[in-house]
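Open the model in a viewer and keep the selection tool at hand. The stops below go from one selection to the next.

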Amino acid sequence: MIPCSSSKRHRLPPRGGESWASLHEDLVQLIGWRVLLGDLLDYIRFRTVCSHWNSSTVSPHSRGLVDPRFHPRRWMMFPEGHALYPGHPNLGGYVRFFNLSSGTLVRVHLPLFDDHVVLDSTDGLLLLLHERDTAIRILHPLTGDIAELPPLLPLMRQLEPQKGYHCISEYSGIRELGFLRGVSAAVNVTAAGKVTVIVGH
């Protein structure tokens with residue numbers, strides 16, 4: 001209930017959007033954190049209700065990677081089928097994601113897939129490999145946040161020269177060598193926001 005300025009008594013707020021828009025900032029923030037416990041997309045939608053709710057809650061943008069509360073844990077990239085892959089010209093830069101809890105499907109525009117491939121997904125975050133220079137990037141598919149990591153190629157040359165990785169000058173040979181098969185990863189984020197990625201093969 002919201003106190004009325006013309007009366008000392010508390011009464012129910014009037015019907016309509018104004019009552020919700022006038023909720024105290026701390027209460028809006030508390031409700032937002034509760035919504036976030038359920039699903040990140042619900043939280044994003046919650047913030048779009050009105051400008052007051054948006055300004056009273058923490059934006060996931062620029063925090064999507066460094067704050068684990070905003071990781072899209074229950075979301076996975078949805079396979080397209082029919083020989084369509086992320087980055088295929090027929091998809092127009094869009095990729096679909098599936099919520100394992102609610103069954104919700106969303107289409108997200110991710111132009112990075114034009115020249116990146118997915119190595120793995122952990123906590124709903126996508127570990128991407130740049131096709132030309134083997135640079136590694138972590139992508140939050142729902143906020144668009146990106147973390148830049150060093151190229152993979154120098155590490156491959158050090159770890160497994162017997163497989164011929166030392167002969168690769170560009171990404172062109174990685175697919176042929178089958179490196180992308182069986183790659184797994186783990187992501188750790190410290191309280192200070194430091195992101196560490198472990199890649200195994």
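Select Arg-73 to begin: at 44% relative accessibility this residue counts as partly exposed (buried means under 20% relative accessible area, exposed over 50%, partly exposed in between, with a 1.4 Å probe and protein chains only). Asp-123, at 32%, is also partly exposed. Asp-123 and Arg-73 form a salt bridge, with the closest N and O atoms 3.6 Å apart (a side-chain nitrogen of Lys or Arg within 4 Å of a carboxyl oxygen of Asp or Glu). Asp-123 sits in the loop between strand 6 (116-122) and strand 7, and Arg-73 in the loop between helix 4 and strand 3, so the pair ties together parts that are 50 residues apart in sequence. Helices (H or I, at least four residues) and strands (E, at least two) are DSSP runs, numbered from the N terminus.

This is a predicted model, in which local features need pLDDT of at least 70 and side-chain atom pairs count only at pLDDT 80 or more, while totals for chains, interfaces and linings use all residues. Residues are numbered from 1 along each chain as its sequence is written, and side-chain values use heavy atoms, with hydrogens and water left out.

Next, select Arg-137 and Glu-148, a salt bridge with its closest N and O atoms 2.8 Å apart. Arg-137 is in strand 8 and Glu-148 in strand 9, 11 residues apart. Which of the two is buried and which exposed? Arg-137 is buried at 16%, whereas Glu-148 is exposed at 53%.

Move to helix 3. Asp-39 caps its N-terminal end, with a side-chain oxygen 3.1 Å from the backbone nitrogen of Leu-41. Arg-45 and Asp-42 meet in a salt bridge (4.0 Å, N to O); both lie in helix 3, 3 residues apart, about one turn of the helix. The buried residues of helix 3 include Tyr-43 and Phe-46.

Now show the largest nonpolar core, which has 17 residues (buried Ala, Val, Leu, Ile, Met, Phe, Trp, Tyr and Cys residues joined through side-chain atoms within 4.5 Å). Phe-97, Val-106 and Leu-110 have the most contacts inside this core. Its largest share, 3 residues, comes from helix 3.

Finish at the hairpin of strand 10 and strand 11, which has 5 residues between the strands. The two strands pair in the antiparallel sense over 6 bridges (pairing requires that DSSP finds at least two bridges). Ala-186 stands opposite Ile-198 in strand 11. In the turn, Gly-193 has a positive phi of about 90°.

Technical notes:
A polar contact is a pair of N or O atoms within 3.5 Å; within protein, one must be able to donate a hydrogen and the other to accept it, and residues adjacent in sequence count only if both atoms are side-chain atoms.
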